[in-house]
Amino acid sequence: ASLGRFLACLPKAELHLHIEGTLEPELMFELAQRNNVLHTLPCKTLDEMRAAYNFEDLQSFLDLYYAGCAALICEQDFYDLTMAYFQRAKADNIVHTEIFFDPQTHTLRNIPLRQVIQGIARAQKEAEQSLGISSGLIMCFLRDQGPEKALQTLTEAEEFLEYVVGVGLDSTELGNPPSLFQGVFERAEELGLKRVAHAGEEGPAEYIWEALEKLRVQRIDHGVKCLEDTKLIGHLKDINMALTVCPLSNLELKIYTGQLEERMIELLGTGVLVTINSDDPAYFGGYINANYLWLIQKLGLSSQQIADLHANSFKASFLPEETKTKHC
Ligand code: HPA
Ligand code: ZN
């Protein structure tokens, strides 16, 4: 219980959070009703929706996550969604967060990119002023839509780059290796954008190598499959590469089923720069503190280990160097 209090008091950073994955069923239904699109939701009632949060793997989650986005239409919806996350973040004592969004999920439904970015950005500005939470926005390409669509999306986003710190790569991992996106990530680098990619969540350690070497990423999202490759673990340590690990997500998406606790202990033991994050908290049953609490309860983490993980998040963030060291 005292570790819980210690955790609650730590001012934290979050580096792996999909804003669409913070859409709680209550808000989903409220927005869908407001927009007259209740009939387009994947479930008819809140209870049915909650019962559907029972996943086999990454794809079964993604199907529901994309379907839920049907509720998001107006600029105000993206503002409300993002503000609701900031309220949750405040409750968990998050002081800095780097938020992912999936532009293609919305542009594919003919929602203008401007509407999405401006709604999120308006909430970011408001949260900075009223809640004291700083944040960055990272635009993720849907890897299952392929590299041409990704490049098109990047080009479309060029007029909004003042709102975006970097690009990422997410969605269906298996069969969609990072190497396919080399050109898009080169263009992002030319534009001065930071680069991250989901790799080694469901996919193999090889995808982590590709993200590092072909996409020149500055963080690996998930990356837990590095445990299958000793040479890779050594390399990640050598280059001080951060992994944004999401324990409750891995648990719910059946990554390392039945041995997740052992593998997390192993991962923490490697000395790789691990950070703890919530991924899609509305779907996986908990925000950032719940992810830390799971580790505390299942792995018996000490307060020193929690403090180290917490410092890692600031080190691995895209905050200016001066700001980082204040928190570590
Ligand atoms: N993996 C891949 N794509 C995603 C995820 C994830 O964990 N969450 C939202 N989109
Ligand atoms: Zn993710």
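I start with one residue pair: Ala199 stands opposite His222 in strand 6. Please keep in mind that this is a predicted model. Strand 5, residues 194-199, and strand 6, residues 219-222, pair in the parallel sense over four bridges.

Eight strands make up an open sheet in the order 1-2-3-4-5-6-7-8, and the pairing is parallel. At the edges stand strand 1 (12-18) and strand 8 (273-276); each has a single partner strand, so one side of each has no neighbour in the sheet. On average, and ignoring direction, neighbouring strands are turned by 25° against each other.

Next, what packs on this sheet. Helix 15 touches strand 1, strand 2 (94-101) and strand 8, and its direction makes about 120° with that of strand 8. Helix 16, residues 303-315, touches strand 1, strand 7 (242-245) and strand 8, at about 95° to the direction of strand 8.

Helix 15, residues 288-299, also has helix 1, residues 2-9, against it: the axes come within 11 Å and cross at roughly 150°. The crossing is right-handed. From helix 1, Leu3, Gly4, Leu7 and Ala8 meet Asn289, Tyr292, Leu293 and Ile296 of helix 15. By class, this contact has six nonpolar, two polar and no charged residues.

Last, the ligand. Which residues are around ligand 1? They are His18, Gly21, Leu58, Tyr65, Asp170, Ser171, His198, Glu201, Ser249, Asp279 and Asp280. By class, that shell has two nonpolar, five polar and four charged residues.

Notes: Residues are numbered from 1 along each chain as its sequence is written. Chains are lettered from A and ligands numbered from 1 in the order in which they are written. This is a predicted model: local features need pLDDT of at least 70, side-chain atom pairs count only at pLDDT 80 or more; totals for chains, interfaces and linings use all residues. A residue is near a molecule or strand if its C-beta atom, placed from the backbone, lies within 6 Å of it. Ala, Val, Leu, Ile, Met, Phe, Trp, Tyr, Cys and Pro count as nonpolar, Asp, Glu, Lys and Arg as charged, and the others, Gly among them, as polar. Axes are lines fitted to C-alpha atoms, for helices over the stretch in contact, and angles run from 0 to 180 degrees between N-to-C directions. Helices (H or I, at least four residues) and strands (E, at least two) are DSSP runs, numbered from the N terminus. A crossing is left-handed if the near helix is turned anticlockwise from the far one by less than a right angle, and right-handed if clockwise. Two residues are in contact if their C-beta atoms, placed from the backbone, lie within 7 Å. Two strands pair if DSSP finds at least two bridges between them.
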